[in-house]
Amino acid sequence: MDYLALIGSVLTLIGTIFMFLAALGLLRMPDVYNRIQAGTKASTLGSVLTLLGIGLIQPDWLLKIGLLIIFILLSNPVSSHVLGRAAHHKKVPMSPKTVLDHLTEDQTSTKN
Amino acid sequence: MIYLILLLVFGLIMIIMAFTAIHHKNLQVAVIASGIISLLASVVYVFLAAPDVAITEASIGSALTVVIFFYVLNKIRRSNDQE
Amino acid sequence: MINTLLSVSLLFIALSFILIIIRFLIGTTVADRIIALDVLTVSSIGMLVILARMFDRVIYLDVAVVYGILSFIGVIVMAKYMEKSL
């Protein structure tokens with residue numbers, strides 16, 4: 001029983017380290033789209049690991065924590081997708097290292 | 001000790017965000033800064049052992065106020081486009 | 001042991017708050033600031049759940065659930081305003 005709590009606290013620490021790496025990527029990346037990529041994916045993994053760790057420490061709360069995990073896994077990719085589409089619609093400039101832009105190609109090919 | 005450090009960090013961030021909300025030229029940035037103030041105020045209420053006040057602050061200050069402000073900004077932009 | 005590890009976790013989340021606020025202050029476009037708000041929300045949900053364990057009260061989880069649902073609506077409204085389709 002004590003081992004379960006220890007495993008849970010180590011999982012919580014790993015999850016918060018992933019959240020810190022998400023914030024670092026948000027600060028260091030050169031571009032809006034790279035920032036969406038770094039921030040959202042790493043913070044989703046970190047928050048899910050943190051919630052699982054707390055659920056292993058306190059097994060009575062596992063129902064509510066499962067609801068929270070399902071909601072984060074559903075809502076976070078949707079919001080990042082909507083943000084990326086809005087930024088592309090507003091023509092936020094890309095970094096000079098960008099090599100591929102499928103959305104602009106699709107829009108111009110359907111107009112012609 | 002760690003609670004004191006966290007409360008000091010949150011207070012500093014809230015003061016910086018308040019100055020940003022007052023002095024920034026762009027209105028959307030000011031509204032987002034007030035939303036961040038409300039988020040951190042909710043976390044501080046949880047620290048001070050008042051979860052019902054934290055739920056009210058999170059639902060009204062950080063969701064409803066921001067949504068109404070963006071609705072009004074959209075109305076203003078649309079009326080400016082028509083003239 | 002468990003309380004020490006959870007305190008170190010809280011310090012990591014506070015450090016990530018500081019980095020996100022720096023990105024908010026120097027961010028060049030509005031989209032950068034909306035991304036900063038999104039990541040800040042997810043980090044604060046993790047912090048609320050850790051605080052619920054450290055104070056040992058189950059009602060703090062309700063604050064996290066309410067916050068997750070309502071901030072999602074806020075980010076969607078901001079993106080729709082940027083796309084001019086609100």
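1. Of the 83 residues that make up chain B, 29% count as buried. The model discussed here is a predicted one, and every value in this note is to be read with that in mind. The secondary structure of chain B comes to 3 helices and 0 strands, and along the sequence these follow the pattern α-α-α. With a radius of gyration of 16 Å, well over the 12 Å that the globule rule gives for 83 residues, chain B is more spread out than a compact globule. Its C-alpha atoms fill a box of roughly 60 × 25 × 10 Å, taken along the principal axes. Among the contacts in chain B between residues at least 6 apart in sequence, 41% join residues that are at least 24 apart.

2. Along its principal axes, the C-alpha trace of chain A spans about 65 × 25 × 15 Å. Of its 112 residues, 36% count as buried, and residues 24 or more positions apart account for 69% of the contacts in chain A that have a separation of 6 or more.

3. Chain C has 3 helices and 0 strands, in the pattern α-α-α when read along the sequence. Its radius of gyration is 15 Å, well over the 12 Å that the globule rule gives for 86 residues, so chain C too is more spread out than a compact globule. The C-alpha trace of chain C spans about 50 × 30 × 10 Å along its principal axes. Of the 86 residues of chain C, 58% count as buried, while 40% of its contacts with a separation of 6 or more come from residues 24 or more positions apart.

4. Which of the pairs of chains in contact share the most contacts? There are 2 such pairs, and chains A and C share the most. No contact joins chain A and chain B, and the closest C-alpha atoms of these two chains lie 15 Å apart. Chain B does, however, touch chain C, with 27 residues of chain B in contact with 31 residues of chain C.

5. Where chains A and C meet, 44 residues of chain A are in contact with 40 residues of chain C. On the chain A side, the elements that give two or more residues are α1 (2-28), α2 (32-57) and α3, and the largest share, 15 residues, comes from α1(A). The residues on this side of chain A divide into 26 nonpolar, 15 polar and 3 charged.

6. Returning to the side of chain B that touches chain C, at least two residues are supplied by each of α1 (2-23), α2 (27-47) and α3 (51-82) of chain B. Helix α3(B) gives the most, with 12 residues. This side of chain B divides into 20 nonpolar residues, 7 polar residues and no charged ones.

7. The axes of helix α3 (residues 62-89) of chain A and helix α3 (residues 60-82) of chain C come within 10 Å and cross at roughly 15°. Because an angle under 35 degrees counts as roughly parallel, α3(A) is roughly parallel to α3(C). The crossing of these two helices, α3(A) and α3(C), is left-handed. Among the residues of α3(A) that take part in the meeting of the two helices are A:Leu67, A:Phe71 and A:Val82, and those of α3(C) include C:Val65, C:Ile69 and C:Phe72. The residues of this contact of α3(A) with α3(C) divide into 16 nonpolar, 3 polar and 1 charged.

8. Is A:Leu11 buried or exposed? A:Leu11, which is found in helix α1 of chain A, has 21 C-beta neighbours inside 10 Å and therefore counts as buried, given that the cut-off is 20 or more. Not counting residues up to four places away in sequence, A:Leu11 touches A:Leu49, A:Leu52, A:Gly53 and A:Leu56. A:Leu56 lies 45 residues from A:Leu11 along the chain, and the C-alpha atoms of the two are separated by 9.1 Å.

Definitions and conventions. Residues are numbered from 1 along each chain as its sequence is written. Chains are lettered from A and ligands numbered from 1 in the order in which they are written. This is a predicted model: local features need pLDDT of at least 70, side-chain atom pairs count only at pLDDT 80 or more; totals for chains, interfaces and linings use all residues. Two residues are in contact if their C-beta atoms, placed from the backbone, lie within 7 Å. Axes are lines fitted to C-alpha atoms, for helices over the stretch in contact, and angles run from 0 to 180 degrees between N-to-C directions. Helices (H or I, at least four residues) and strands (E, at least two) are DSSP runs, numbered from the N terminus. Angles under 35 degrees count as roughly parallel, over 145 as roughly antiparallel, 65 to 115 as roughly perpendicular and the rest as oblique. A crossing is left-handed if the near helix is turned anticlockwise from the far one by less than a right angle, and right-handed if clockwise. Ala, Val, Leu, Ile, Met, Phe, Trp, Tyr, Cys and Pro count as nonpolar, Asp, Glu, Lys and Arg as charged, and the others, Gly among them, as polar. The radius of gyration is taken over C-alpha atoms; the globule rule is 2.2 Å times the number of residues to the power 0.38. A residue is buried if 20 or more other C-beta atoms lie within 10 Å of its own, exposed if 12 or fewer, and partly exposed in between; C-beta atoms are placed from the backbone.
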